[in-house]
Amino acid sequence: MTSSTRSVFIRRLCSSIAVWGVALYIIFAGFEVGFFFLIGTIAILGLWEFYRMLDHKQLPNFKILGLICAVIFISGSFLYYSKVGLNRSYDFELAVILFFIMVVFARQMFERTRDIRPVETMSYTIFGFLYVVWLFNFMTKLVYLFPHHDGHFTGQYYVLYCVVVTKFSDMGAYVVGSLCGKHLLIPHISPKKTWEGFFGAIAFATLGSYGMLHLAGSRLPALNDLHAGILGILLGFAAIIGDLAESIIKRSTDTKDSGHMLPGIGGVLDLIDSLLFTAPLLFFYSRLVLGV
């Protein structure tokens with residue numbers, strides 16, 4: 001690993017520790033409103049960065065409309081999760097998405113219809129909302145999915161588990177790929193990612209999964225060694241797909257990073273790209289396989 005690569009890795013690690021340290025402190029402190037503002041802020045900033053990437057390529061979008069609907073979606077779903085429960089929250093989320101699609105079409109009616117541009121504008125706007133806001137909101141779902149104990153939510157430990165396994169995957173891909181990566185994975189999407197980094201990500205994610213199970217096993221009663229092994233592989237794979245998914249967007253919009261807020265990482269979207277896929281996967285695995 002060269003000195004420049006080591007420097008980037010250190011900056012990336014420090015930024016990740018700082019951000020997720022604040023996030024986990026808020027969760028473990030039981031400060032639900034603080035958690036709402038944290039998740040909401042990250043989601044809004046990520047969506048803003050997505051639309052800015054489109055602007056960089058001069059791709060049409062209704063960013064203000066998307067951001068307004070994102071605030072409504074996140075605020076309302078949080079209230080439903082905390083006050084009513086998950087089941088009723090699904091109806092609210094679908095209603096907001098339906099309303100958002102209708103409003104986007106209504107907004108387009110005031111623009112001139114020419115060629116394919118109206119379809120592009122609506123598609124980019126709606127896709128950004130679903131890709132960033134809807135997927136990242138599964139972090140909140142994880143918190144409220146698991147049963148309460150003594151009036152306190154316990155899902156924060158599964159959020160911690162998801163973050164640790166995801167970041168172990170990212171770290172494994174970066175470290176192993178930097179040290180011994182020779183065989184390119186998908187060069188037309190990301191010229192630096194290698195097969196060695198791919199298997200390193202799976203191995204590190206599995207290691208992180210077992211590590212979390214044995215360090216916080218009593219806090220993760222829904223998991224055992226079998227599920228930890230399966231989830232390590234699945235979440236590691238999902239993290240890789242999440243990272244490559246954002247790489248497709250960045251390459252398509254001719255941008256290196258989604259932003260410049262986080263040293264060594266780039267933007268907020270660069271920080272959460274893997275979690276956009278691992279959080280939903282863990283949620284549905286918990287619902288459909290673990291029966292939570």
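Is glutamine 58 buried or exposed? Glutamine 58 turns out to be exposed, with a relative accessible area of 68%; "exposed" here is over 50% relative accessible area, "buried" is under 20%, and "partly exposed" is in between (1.4 Å probe, protein chains only).

## What you are looking at

This is a predicted model, in which local features need pLDDT of at least 70 and side-chain atom pairs count only at pLDDT 80 or more, while totals for chains, interfaces and linings use all residues. Residues are numbered from 1 along each chain as its sequence is written, and side-chain values use heavy atoms, with hydrogens and water left out.

## Two loop residues with positive phi

Back to glutamine 58: its place is in the loop between helix H2 (32–56) and H3. Helices here are DSSP runs (H or I, at least four residues), as are strands (E, at least two), and they are numbered from the N terminus. Glutamine 58 has a positive phi of about 60°, although it is not a glycine.

Aspartate 254 is another one to look up. Its phi is near 60°, again a positive value in a residue other than glycine. You'll find aspartate 254 in the loop between H9 and helix H10 (268–272), and it is partly exposed, with a relative accessible area of 49%.

## Aromatic rings

A pair of aromatic rings is described by the distance of the centres and the angle of the planes. Rings of Phe, Tyr and Trp (its six-membered ring) pair if their centres lie within 6.5 Å; planes under 30 degrees apart count as stacked, over 60 as edge-to-face and the rest as tilted. By this rule there are 20 aromatic pairs. One of them joins phenylalanine 73 and phenylalanine 129, edge-to-face, at 5.4 Å centre to centre with 80° between the planes. Phenylalanine 73 lies in helix H3 (residues 63–84) and phenylalanine 129 in helix H5 (residues 117–136), so this pair ties together parts that are 56 residues apart in sequence. Phenylalanine 73 is buried at 0% relative accessibility, and phenylalanine 129 is buried at 0% too.

Then there's tyrosine 80 with phenylalanine 92, a stacked pair: 5.0 Å centre to centre, 20° between the planes. Tyrosine 80 belongs to helix H3 and phenylalanine 92 to helix H4 (residues 86–108), so the pair ties together parts that are 12 residues apart in sequence. Tyrosine 80 is partly exposed at 26%, whereas phenylalanine 92 counts as buried at 18%. Elsewhere, ring pairs link Phe36, Phe37, Phe78, Tyr81 and Tyr144 into a cluster. A ring can also have a charge over it: the charged end of lysine 141 sits over the ring of phenylalanine 138, 4.3 Å from its centre. That wording applies if NZ of Lys or CZ of Arg is within 6 Å of the ring centre and within 35 degrees of the ring normal.

## How helices pack

Two packed helices are described by the angle between their axes and the distance between the axes. Axes are lines fitted to C-alpha atoms, for helices over the stretch in contact, and angles run from 0 to 180 degrees between N-to-C directions. The axes of H3 and H4 come within 9 Å and cross at roughly 165°, which makes H3 roughly antiparallel to H4. For these labels, angles under 35 degrees count as roughly parallel, over 145 as roughly antiparallel, 65 to 115 as roughly perpendicular and the rest as oblique. Residues making the H3–H4 contact include Phe73 and Tyr80 of H3 and Phe92 of H4; contact means heavy atoms within 4.5 Å.

For helix H6 (residues 138–145) and helix H7 (residues 156–180), the axes come within 7 Å and cross at roughly 140°, so H6 and H7 are oblique to each other. Met139, Leu142 and Val143 of H6 meet Gln156, Val159, Cys162 and Val163 of H7 in that contact.

Helix H9 (residues 225–252) holds lysine 250, which counts as buried at 15% relative accessibility. Leaving aside neighbours within four places in sequence, lysine 250 is in contact with Met53, Thr255, Lys256, Asp257, Ser258 and Asp270. Glycine 232 is in helix H9 as well and is buried at 0%. Not counting residues up to four places away in sequence, glycine 232 touches Tyr161, Ile202, Ala205, Thr206 and Ser209.

Over in helix H5 is threonine 121, buried with a relative accessible area of 6%.
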